[in-house]
Each structure stands twice: as C-alpha cells, then as structure tokens.
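Hello,

Here is the structure I promised to pass on to you. Please have a look at it first, and then read on for my notes on what turned up.

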Amino acid sequence: MKTLAGLAAAAAFLTACSTSPPVREGDPPRFVAPPAGTVPPRVALVLSGGSARGFAHVGVIKVLEENGLRPDLIVGSSSGSMVGALYASGLTAPQLEAAVAELDRSVFMSVSLPGLGLLPGSLGLIQGDRLHRFIDDRVRHHHIERFPMLFAAVATDFATGESRILNAGDVGLAVRASSAAPGLIEPAQVGVMRLFDGQVSSPVPVDAARKLGATVVVAVDVIYPPEEAAPRTAVGALFQAFNIAVHRLKSAELGRADLVIGPEIASTSGQLSFADRERIVAAGEQAARAALPKLRAAFSR
C-alpha cells in the first residue's frame, strides 16, 4: 500500500498532463450464475490484492504451469484481478511475465481533471482509463466469457460495501473496478453500480470462488503486512489504517481456503515498487516450489 501512497503523491504533481480519452465500454462486466447442470469448477486459484506485491502471483503461476497444474477457475481481487485476467485469457506463464513487465506507473497516471479528487463529484486522483485499456489490449478485447479459463474479478459496491463478482463482459472494466483504490483511482461505473477496490470487502476472495462452485480453493496471500509500514505523512497514515482493516478482514476468508500460499516478500528499501518486480516474482516462485507437495495434493483431490 505504500506504493499506492507514492502514486497518489506523484499524481498530485501531474495537473499539467493531458488525460487519456475515455475508454469506450463494450458489454459491461456483470455476474452470471452458472447454468443449471453445468459441471462446477474443481480447483480455484484465488489471488489476493497487494499492490506491487501482486507480482508474486506471476511466480506462483509459473511454478503451477511448469508442473502441469492448471486451475479450473481464477478469482482475483485488486492486483490479483490484473494478473488473473491476463493468465485466464490464455497467456502462457512466459507471456504473462512479459505482459506484466510492461506494467509501470504510466498505466495508472491518467490524472482526473478538474479537481484532482478534491472537488465535489471527483472521487479519485486517477481516472483508471489507462489501466482499462492496458488490460483490454493484452486480452485481445475478448470478453470474460470467451476466456479459455473461467475467471472472475471481485470489486466492492461503493453504495453498499458488498462484494460484487464480475465473471462476464468487459474484462478491462472489471479489472479497473476491482483495482480502484479508494481515494486514488475513481470508482468505475458498471451499469447502475459504482464499484471500487475489491480489497475493501474481500481482499482474498475465497468466498467468491466457493460461490462459483469451486470444491478446492488454493489462495495466494500477498496482502501488505501492516507491521512493515512506517508512515511519515498524513496520506501514509490513511493507507496504514486501510492496511490494518484489510489485514483483519482477510483472516476469515483465508480460513475457508484448502491451501494458502504466502510468499515472503521482504522490503529492502522501505517501499516496494515496480522496480522490485523481478524480486517479487521470484518470491512467488520460491513459495510455490516450497508448497509443491501440498499443491499436487490439492489439484489431485
């Protein structure tokens, strides 16, 4: 979450930047219940939020693919929805790694003008259009239901606080909604709903995977540990409060997973960023390799 604070600070200085043209939305993302008689997915891979720490999901997926372990369903929240959408769209693990290598701060820096989130009606510093376009371009503008692997992004309803599962329609908008960090990225308008960061209601969306029929759930937890934070500003204090709430919220859902993988991602500079990508991916690989016997057992169950 410190990365999010850094992004917010950077955005405040970009008032002179031109914004991207609005993304033309196709069929809005939505929840579609599996038709009666459909064979439910057996194994779900659940990917948590965690800002830049989400790169660890790539390392986990690399190890799964190397060992022929293919989930039937991927469910992601926030940064987990970004990685999950790209993989579920049909990218191989090397292609996934190449795609996330292109992900940098510029993808998030479509500043919301006027107001920079400070005037009435403006609910974030960043629009989210560039993230929307980044995902759609890399999944070849396919809708979620056309993916070769079942996928769902989890977002939070801005009006009610409830989790919303998005498993059909425009994947770029679904990921944008799931990743819209409060106060930083504007909530996404999805039909009649305003949706934002999935971490607010379901940081590790195990329950969504169960609702979609998964019988075995493998969860990857890269949520930022509050004890690693050292806030020095008012913005940092706000994000630390968010970290604490998310950390407490995830505990209940993790208890309903069959297997939890928690990569050890040490912060050497006090703030993880896109520059730490390779090290974070490696941490995901290491954790997955250490858990291989349990992973094989879970997938063969």
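Let me start with two phenylalanines: phenylalanine 147 and phenylalanine 151 are both buried. Please keep in mind throughout that this is a predicted model.

The rings of phenylalanine 147 and phenylalanine 151 also form a pair. Their centres are 6.3 Å apart and their planes meet at 45 degrees, so this pair is classed as tilted. In total, the count of aromatic pairs is two.

The other pair joins phenylalanine 158 and phenylalanine 196. Here the ring centres lie 5.2 Å apart with the planes at 75 degrees, so the arrangement is edge-to-face, as planes over 60 degrees apart are classed that way. This pair links distant parts of the chain, its two residues being 38 residues apart. Phenylalanine 158 sits in the loop between β4 (150-157) and β5 (163-166), while phenylalanine 196 belongs to strand β8 (residues 193-196).

Are these two residues buried or exposed? Phenylalanine 158 is partly exposed, at 40% relative accessible area. Phenylalanine 196 has a relative accessibility of 10% and counts as buried, because the cut-off for that is under 20%.

Two charged residues are also placed over aromatic rings. Arginine 53 lies over the face of tyrosine 224, 5.6 Å from the ring centre. Lysine 211 does likewise with phenylalanine 31, at 5.1 Å from the centre of that ring.

Next, do look at helix α6 (residues 171-178). Eight of its eight residues are buried, so the helix is largely enclosed by the rest of the structure. Among those buried residues are Val171, Leu173 and Val175, and also Arg176 and Ser178. At the start of α6, a side-chain oxygen of aspartate 170 comes within 2.9 Å of the backbone nitrogen of glycine 172.

Finally, here is the chain as a whole. How many helices and strands does the protein chain have? There are ten helices and ten strands. The chain has 301 residues, of which 57% count as buried. As for contacts between residues at least 6 apart in sequence, 78% of them join residues at least 24 apart.

Best wishes

Methods. Residues are numbered from 1 along each chain as its sequence is written. This is a predicted model: local features need pLDDT of at least 70, side-chain atom pairs count only at pLDDT 80 or more; totals for chains, interfaces and linings use all residues. Side-chain values use heavy atoms; hydrogens and water are left out. Rings of Phe, Tyr and Trp (its six-membered ring) pair if their centres lie within 6.5 Å; planes under 30 degrees apart count as stacked, over 60 as edge-to-face and the rest as tilted. Buried means under 20% relative accessible area, exposed over 50%, partly exposed in between (1.4 Å probe, protein chains only). Helices (H or I, at least four residues) and strands (E, at least two) are DSSP runs, numbered from the N terminus. A charge sits over a ring if NZ of Lys or CZ of Arg is within 6 Å of the ring centre and within 35 degrees of the ring normal. Contact means heavy atoms within 4.5 Å. A polar contact is a pair of N or O atoms within 3.5 Å; within protein, one must be able to donate a hydrogen and the other to accept it, and residues adjacent in sequence count only if both atoms are side-chain atoms.
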